[in-house]
Amino acid sequence: FIEYVMNRGGNGGGDPLEAIEVMSNLAEINAVYLSGGDGKGDETFWSNGTRRFEGKAIEALRLAEEPMNLWMISEFVQDRVSKEEVDSYKRLKRIAFAQEKIDQRKKKEALAELEEWVSANYFLQVIEKIWNKPMQGEDNKSKEAIRKYWLMRFPGIGERTSNILQESYMGMADPFLGRGILKDHFSAGLSEELLPEKIYQDNKIVICDWPVKEYGISGIYANIIYKTLFQKAMERREVSKEENPKLVGLFIDEWQTFCNPRTDAQFQATARSSWVATTYLTQNLEGVYTVMGSNMPKEKAKSLFGNLNLKYLCSNASYETNLWASEQIGKHLVDFENVNISKDMEISKTKNQHLHYKVPTDHFTMLKTGGKQNKYKVEAVVFKAGKTWGKDNQNYAVVEFDQRN
């Protein structure tokens with residue numbers, strides 16, 4: 001997937017930031033998964049530090065014209081040199097390539113030691129390749145930035161900090177380096193027929209068949225990688241320039257497992273202009289809250305739900321979800337009549353109005369759920385802002401589905 005991002009055509013192709021975005025999504029989901037839904041993930045410092053670490057590694061491989069995939073990035077970062085090793089590396093180069101008069105035996109020994117070290121260290125091979133390659137313009141600026149980062153700044157941040165940044169990256173990359181579906185399907189080059197653009201270009205349907213119950217975190221990674229790349233590809237699509245534009249659908253069951261607050265919110269804001277209809281199925285609001293991080297999770301979730309237009313609200317036992325559903329549909333005025341009987345048995349009546357939910361919260365607990373006992377009928381309340389239903393022009397409708405059709 002990194003190779004796809006770095007080598008794709010069009011504006012923005014080859015930008016390391018896009019590859020970092022995909023990897024960051026995986027790291028965030030991994031943090032949520034391992035924390036049991038806490039959703040806190042890493043602190044901002046480590047998150048930003050890891051992004052910079054990954055970006056500088058990808059940029060180094062790009063400048064060296066090396067393969068850009070998780071295998072080579074992992075080789076590069078694991079072979080990185082410490083501050084003491086940088087000093088040794090610079091000392092050997094200074095002696096081996098000294099212009100001034102120096103003992104030739106020392107020069108030969110330094111050169112032999114340097115060559116042996118570089119031949120066994122992929123990080124130094126990349127650095128040497130970049131250093132010896134003439135570059136111009138932006139690449140020359142990047143060359144200098146890479147040299148400063150890997151040979152000065154990064155070794156200077158301290159061994160403990162550098163180890164944590166490396167382990168943060170390796171924690172995300174490790175599942176792709178062993179055996180299993182991630183190595184088999186996401187670490188062995190590109191398959192032309194599976195490029196996301198082929199879906200609308202060749203009228204294809206792609207099914208990501210990696211159930212989380214069978215594959216665990218690997219299944220989550222696999223589905224999220226393709227989902228993220230699909231969303232990015234659709235956002236780049238220019239429907240107005242296509243001869244025969246096709247509508248595209250994105251259908252996700254158990255959406256809370258594969259939801260990302262940043263990328264999903266960005267995608268939903270422009271999905272309609274890209275001719276993409278999204279269908280997300282989830283159990284309740286609480287399940288989505290858990291993947292929204294620790295900073296304002298409810299607000300993020302509700303904002304994301306607000307970008308989803310047509311909502312089918314089925315039977316649910318979650319009070320918070322049902323309350324949210326009732327609030328979406330809104331309230332109306334209900335007439336109330338109060339009857340008072342005095343001690344002399346005189347009756348007086350007063351009328352007033354109160355705002356009540358059009359669809360009360362308990363109504364969602366009584367919707368039919370299908371099966372033989374309900375004659376295979378499933379009920380749902382359907383709601384879409386700006387649309388009215390039925391002869392009474394209500395902003396919602398109770399609809400029924402037959403499970404057997």
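Me: Let's start with one residue. In which helix is Gln166 found?

Reply: Keep in mind that this is a predicted model. Gln166 is in helix H9, which covers residues 159-177.

Me: Is Gln166 buried or exposed, and how do I tell?

Reply: The general idea is to look at relative accessible area: under 20% is buried, and over 50% is exposed. Gln166 has 11%, so it counts as buried.

Me: Which residues is Gln166 in contact with, if I skip its neighbours within four places in sequence?

Reply: Look for Phe53, Val77, Gln78 and Arg80. Those are the contacts of Gln166 once its sequence neighbours within four places are set aside.

Me: Where is Glu65 found, and is it buried or exposed?

Reply: Glu65 sits in the loop that links helix H3 (44-63) and helix H4 (70-78). Its relative accessibility is 60%, and because the cut-off for exposed is over 50%, Glu65 counts as exposed.

Me: What about Trp275: what is its phi near, and where is its place?

Reply: Trp275 also has a positive phi in a residue other than glycine, near 60 degrees. You'll find Trp275 in the loop between helix H15 (261-270) and strand S2 (276-280). With a relative accessible area of 34%, Trp275 is partly exposed.

Me: Let's zoom out. How many helices and strands are there in the protein chain?

Reply: Count 18 helices and seven strands.

Me: How do I read the radius of gyration of the protein chain?

Reply: Set the value beside the one for a compact globule with that number of residues. For 405 residues, a compact globule would come out near 22 Å, but this protein chain has 30 Å. The box filled by the C-alpha atoms, taken along the principal axes, is roughly 125 × 55 × 40 Å.

Me: What percentage of the 405 residues is buried?

Reply: Buried residues make up 41% of them.

Note on methods
Residues numbered from 1 in each chain as written. Predicted model: local features only at pLDDT ≥ 70, side-chain atom pairs only at ≥ 80, totals over all residues. Heavy atoms only, no water. Helix = DSSP H or I, 4+ residues; strand = E, 2+ residues; numbered from the N terminus. Buried < 20%, exposed > 50% of the residue type's maximum accessible area, 1.4 Å probe, protein only. Rg over C-alpha atoms; globule rule 2.2 N^0.38 Å. Contact = heavy atoms within 4.5 Å.
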